[in-house]
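Please open the model in a viewer and keep the selection panel at hand. The stops below are arranged as a short tour.

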Amino acid sequence: MNEDDLQTRIDSIYSRIDAACARAGRDPMSVQLVAVSKTFPPEIIDEARNCGLSLFGENRVQEALAKSQLCGRADWHLIGPLQRNKIRYALQLFSCIHSIDNVRLIEQLAVACDESGVRPDLLLEVNVAGEASKHGFTPASVREGIKAAIDGGLRVVGLMTVPPWTPDPEGSRKYFRQLRELRDALEQEFSISLPELSMG
């Protein structure tokens, strides 16, 4: 893919974001576009950077660490599952981890953050649809995750979900709505701010 084709695709995505924000009465500047760069080589990531993207999502810690050394300056987010034995490596690179899915992981992350002095932004993954094939807290158990993160001095900034696949985008909207409503309830219940919703 040449840079012109990539720029056309990126412009199209931003146009769709603008249209969605207009429908919702929302400021497009409040939306962050995370370019999923997993499986793409460093040269494609650098082309995307040249087109104005700066925020990249990676699925695997080790792959991202190796790739980031070959790319220009970027902000890296972990969007795939975080294995407990990869926590210390993840803290070396990622400014945000979107996939915190259980209390034990939170507890071990709190220890590693205390030891390293690094505290990335965290999003708790919620399996809103209750799919057996997906990880994450249930809408009820996410409260345990919030409490564990607060007790561990971690910086939880929001929630993440991936809805069931459907060819019709309208089929996903109810899960996104449920996640937003859950976020609103948690903010009130815990008197915290959760400004970020990661909805893939």
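**Pocket, helix pair and cavity**

The lining of the second largest pocket comprises, by class, three nonpolar, three polar and two charged residues. To display this lining in the predicted model, select N59, R60, V61, Q62, P81, L82, Q83 and K86.

Next, select residues 142–151, which form helix α6, and residues 170–190, which form helix α7. How do the axes of these two helices cross? They come within 11 Å and cross at roughly 45 degrees. This angle makes α6 oblique to α7. The handedness of the α6 and α7 crossing is right-handed.

Now show the side chains at this contact. Sorted by class, the contact of α6 with α7 has seven nonpolar and three charged residues, and no polar ones.

How many cavities of 30 Å³ or more does a search of the whole structure find? The search finds one. The largest cavity has a volume of about 30 Å³. Select N127, V128 and A129, then T161, V162, P163 and P164, and finally Y175, to display the residues that line the largest cavity. Coloured by class, this lining of the largest cavity shows six nonpolar and two polar residues, with no charged residue. Y175 of this lining lies within the residue range of helix α7, 170–190.

Notes
Residues numbered from 1 in each chain as written. Predicted model: local features only at pLDDT ≥ 70, side-chain atom pairs only at ≥ 80, totals over all residues. Heavy atoms only, no water. Axes fitted to C-alpha atoms, helices over the stretch in contact; angles between N-to-C directions. Helix = DSSP H or I, 4+ residues; strand = E, 2+ residues; numbered from the N terminus. Parallel < 35°, antiparallel > 145°, perpendicular 65-115°, else oblique. Left-handed = near helix turned anticlockwise from the far one by under 90°. Nonpolar A, V, L, I, M, F, W, Y, C, P; charged D, E, K, R; others polar. 1 Å grid on protein atoms, 1.4 Å probe; cavity = no way out; pocket = protein on both sides within 12 Å on 5 of 7 lines; lining within 4 Å. Points joined across faces, edges and corners; volume = space filled by probe spheres on them.
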